[in-house]
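Subject: Structure handover

Hello,

Here is the structure I promised to pass on. My notes follow below it.

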Amino acid sequence: MSFDHGHDGRFRFGQLLLLVTAVVLCSSVVLAQDSNPPDAAPVNADPQNPATPGQAAGDAQQTPQQTDSEPQSIFPHPETTRWWLSGQINIISQGHPGFHAPYSGPNSLNPKSEIRASRIFTLYTAYRLTNSMDAVFDLEEASGNGISNSLGLAGYPNIDVVRTPGQGSPLSAAPYVARAIFRYVLPLSDESDDTDIGPLGVIKSLPAKRMEFRIGKLSLADFIDVNAVGSDSHFQFMNWTIVNNGAWDYAADTRGYTYAAILEYDDRSWAVRFAEAMMPTVANGISLDGDLARARGENLELELRPNIVAQKPTQVRLLSYVNHANMGDYREAIDLFLAGKTVTPDVVATRQEGRVKYGFGINLEQQVSAHMRAFGRFGWNEGRHESFAYTEVNQTVSLGADYAGDQWHRQNDKAGLAFVSNGISGDHREYLKLGGLGFLLGDGTLTYGRENIFEGYYNVHFWRGVYGAINLQHIDNPGYNRDRRPVWVPGLRLHIEL
């Protein structure tokens with residue numbers, strides 16, 4: 001459904017948004033959980049807080065044992081069996097009013113008002129083979145669409161759209177295997193800690209010091225660059241470059257998954273993990289290159305847990321990655337165009353096997369108070385070779401925080417606010433200015449400015465596993481183009497934990 005009726009259409013769009021917003025907020029008040037007294041011990045954990053590292057752009061989560069007083073899923077999930085079986089439904093509806101744009105290109109954000117919706121359905125299964133081995137197998141179905149067919153923005157406002165088969169996409173609407181992971185845990189100490197089981201693992205006790213080995217089909221973002229405040233699009237933010245580090249061009253197919261092996265060492269105050277993964281055969285492609293000698297993604301992350309403030313945990317994650325693939329070169333594409341050998345700059349025409357793209361990231365997480373947590377990310381990559389797997393970002397910095405609803409007697413509600421500023425390299429911006437196309441961007445020309453995005457949300461717990469959220473994003477310089485006016489992107493989310 002779209003609204004393409006000029007000022008009248010924008011007015012009706014605004015009326016619709018205000019009406020739905022009012023209904024959601026009124027429902028929140030009606031359903032207020034007054035049984036939680038004001039002086040009760042606040043907990044800022046998410047409704048489904050991961051016990052093992054990871055969140056693939058807001059997908060699989062470890063689910064705590066349910067209690068009768070606060071059930072957070074439609075069906076109970078006992079911890080007394082070897083099996084885990086659950087599901088989730090995530091529906092996001094977003095739109096934007098019309099905005100001023102003196103020109104548009106093949107990959108521009110549509111300046112006319114529109115509303116689109118995406119849907120993700122997932123079936124999670126896991127089985128504990130022994131006390132040190134388990135296996136995960138997930139099926140997923142993705143459908144719907146995003147605004148402007150997922151084009152025109154580096155910081156795209158709906159992370160779920162990476163999995164949906166938009167116009168011209170090779171993706172099918174049929175269900176597919178999202179994860180198939182085998183894990184082995186090697187204990188390195190006698191001391192163990194109890195852990196919550198869930199979709200990413202069903203081993204109930206993990207040694208304090210251990211090696212973990214995973215292999216299979218997975219998302220690297222399940223286990224690397226994880227952030228408890230800004231990595232979960234089911235309950236938190238939705239923007240690509242807030243949920244993940246936009247400059248981390250992590251190995252993945254179009255849907256965000258790859259075949260990989262991850263080796264991890266965990267200790268009390270630190271951890272280190274290394275992942276070797278398959279790269280797509282072409283930029284943002286659905287097919288993966290199985291020849292690791294020719295194409296691969298190597299990722300190394302060091303996680304530190306310093307005791308800086310008593311009772312307020314701090315986590316620091318330092319990331320580096322190196323991608324080897326059949327990548328193009330922005331500078332070569334520009335030179336060929338200026339020499340008259342191509343009609344427009346074409347990075348695809350410059351692809352060569354064996355090219356290397358590398359980058360770095362910093363991920364910070366801090367408990368500020370009993371109700372508030374903060375996070376920050378910084379990312380950089382070398383920016384000469386084409387953006388290949390995630391999004392068109394060469395530098396990024398983001399800051400954000402969330403606040404639990406205990407203060408207003410809504411213990412499972414949460415509000416969040418974040419800011420991200422994305423940029424691209426000189427070669428990348430010159431390529432776009434001369435009319436080149438990336439897999440996401442291409443206005444035909446470019447008056448460069450950093451893409452700056454504010455995002456806020458309020459997540460409401462309605463009943464058991466039913467959640468709703470109001471989301472609002474303001475995007476300045478969409479697609480790094482100062483000629484195209486800022487755009488507001490309001491959205492609504494319905495999430496059901498089965």
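How exposed is Phe360, in terms of relative accessible area? Phe360 is partly exposed, at 45% (buried means under 20% relative accessible area, exposed over 50%, partly exposed in between, with a 1.4 Å probe and protein chains only).

This is a predicted model: local features need pLDDT of at least 70, side-chain atom pairs count only at pLDDT 80 or more, and totals for chains, interfaces and linings use all residues. Residues are numbered from 1 along each chain as its sequence is written, and side-chain values use heavy atoms, leaving out hydrogens and water.

**Surface patch.** Phe360 lies in strand E12 (strands are DSSP runs of E, at least two residues; helices are runs of H or I, at least four; both are numbered from the N terminus). A nonpolar patch of about 950 Å² includes Phe360, Trp270 and Trp380. Patch residues have over 30% relative accessible area and no salt bridge, with nonpolar side chains (Val, Leu, Ile, Met, Phe, Trp, Tyr) joined within 5 Å. E12 gives the largest share, 5 residues.

**Salt bridges.** The structure holds 31 (a Lys or Arg side-chain nitrogen within 4 Å of an Asp or Glu carboxyl oxygen). One joins Arg214 and Glu264 at 3.7 Å, N to O. These two sit 50 residues apart, in strands E7 and E8. Another pairs Asp413 with Arg410, with closest N and O atoms 2.7 Å apart. Asp413 is buried at 2%, and Arg410 counts as buried at 2%.

**Helix H4.** Asp427, His428, Tyr431 and Leu432 are buried here. Just after H4, Gly435 takes a positive phi of about 105°.

Best wishes

Terms used
Patches are made of residues with over 30% relative accessible area and no salt bridge: like charges are joined within 9 Å, nonpolar side chains (Val, Leu, Ile, Met, Phe, Trp, Tyr) within 5 Å. Accessible areas come from the Shrake-Rupley method with a 1.4 Å probe; for residues, only the protein chains shown count as cover.
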